[in-house]
Amino acid sequence: VIDMIGERIPRTLELMLVANFLSVMIAVVLGVIAAVKHYAIADALSSLGALIGYSTPNFWIAMMAIMVFSAWLGLLPHGGVQTQGITFASPFRALFDHLTYVVLPTLILVLGWTAYLFRMVRSSMLEVLGQDYITTARAKGLMERVVIYKHALRNALLPVVTYIGYSIGFLFSGAAVIETIFAWPGLGEFMVQLAQVRDYPTLMGLSMMIAIMVLLANLCADIAYAIVDPRIRYD
């Protein structure tokens, strides 16, 4: 069971790590802009986009993306992964060919998770910007950039770090659907196959592996608290 899982873990981690990194970066940037420009056009558009991304089923977006980018435009492959033609003589070409298979499934995972994190960052930033110490920092004459990124953002990221720890479970649940649609040979597709053939021993081993990864992610989130908020170290 370990050997079977080990063959597919790199594929799933490839999708999850890239999707998680991109989602956090995009959500933090857009969330801060939306909170600072509250009630502005940027806030309205980004909130509308987040609402659509959060509400739309990812399997429907995945099928629409396949229809547009693969069937109509022919720009990206509709599924699978690059396994042939990879040689040391053309590493850059092989990397480019592999990335074309990664784009669509990663994009679908990024859309859903970014919309969720954006709403969290925006609401947390709005709450922090209304605190007294932010008003004091501005009254002391600090630059607005310093107030936003040094004082407000670090405190606003505390609840966000918690949900980033939960992202492993979220991305695994989404990966089971996305990997199946795109025929991506990862743990999500593997779990669906095991359920279909009722391979219970392997399914239990895979479930235990996912549970361990979720627990480790939550542990890393707890450790990150001390980095984001120095007051926790003294406690």
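Hi everyone. Before we look around, some ground rules: residues are numbered from 1 along each chain as its sequence is written, and side-chain values use heavy atoms, with hydrogens and water left out. Since the model is predicted, local features need pLDDT of at least 70 and side-chain atom pairs count only at pLDDT 80 or more, while totals for chains, interfaces and linings use all residues.

Let's start with helix H8, residues 200–228. Helices here are DSSP runs (H or I, at least four residues), numbered from the N terminus. How far apart should the ends of H8 be? The expected span is 1.5 Å times one less than the number of residues, so the 29 residues of H8 should span 42 Å. The end C-alpha atoms of H8 are 41 Å apart, which agrees.

Some of H8 is buried, meaning under 20% relative accessible area; exposed is over 50%, and partly exposed lies in between (1.4 Å probe, protein chains only). Among the buried residues of H8 are Leu 206, Ile 210, Met 213, Ala 217 and Ala 221. Here is a handy rule for reading that list: an α-helix has 3.6 residues a turn, so residues three or four places apart point the same way.

Next, salt bridges: a side-chain nitrogen of Lys or Arg within 4 Å of a carboxyl oxygen of Asp or Glu. How many are there in the whole structure? The search finds 3.

In one of them, Arg 8 pairs with Glu 189, and the closest N and O atoms are 3.5 Å apart. This pair links distant parts of the chain, with Arg 8 in helix H1 (residues 2–36) and Glu 189 in helix H7 (residues 187–197), 181 residues apart. Are these two partners buried or exposed? Arg 8 counts as buried because its relative accessibility is 17%, and Glu 189 is buried too, at 14%.

Arg 122 makes a salt bridge with Asp 43, with closest N and O atoms 2.8 Å apart. Arg 122 sits in helix H4 (residues 91–129) and Asp 43 in helix H2 (residues 41–55), so the pair ties together parts 79 residues apart in sequence. Asp 43 is buried, with a relative accessible area of 4%.

Then there is Arg 138 with Glu 144, where the closest N and O atoms are 2.8 Å apart. Arg 138 counts as partly exposed at 37% relative accessibility, and so does Glu 144 at 38%.

While we are on H4, find Ser 124 in that helix. Ser 124 is buried, at 7% relative accessible area. Leaving out residues up to four places away in sequence, Ser 124 touches Ala 156 and Pro 159, where contact means heavy atoms within 4.5 Å.

Finally, the pockets. A pocket is an open set of points on a 1 Å grid over the protein atoms alone, with protein on both sides within 12 Å along at least five of seven lines; lining residues have an atom within 4 Å of a point.

The largest pocket is lined by 14 residues, and those nearest its centre include Leu 17, Ser 167 and Ala 217. H1, helix H6 (144–181) and H8 each give two or more residues to this lining.

For the second largest pocket, there are 13 lining residues, with Trp 113 and Phe 170 among those nearest its centre. Which helix supplies the largest share of that lining? H4 does, with 5 residues.

Technical notes: 1 Å grid on protein atoms, 1.4 Å probe; cavity = no way out; pocket = protein on both sides within 12 Å on 5 of 7 lines; lining within 4 Å.
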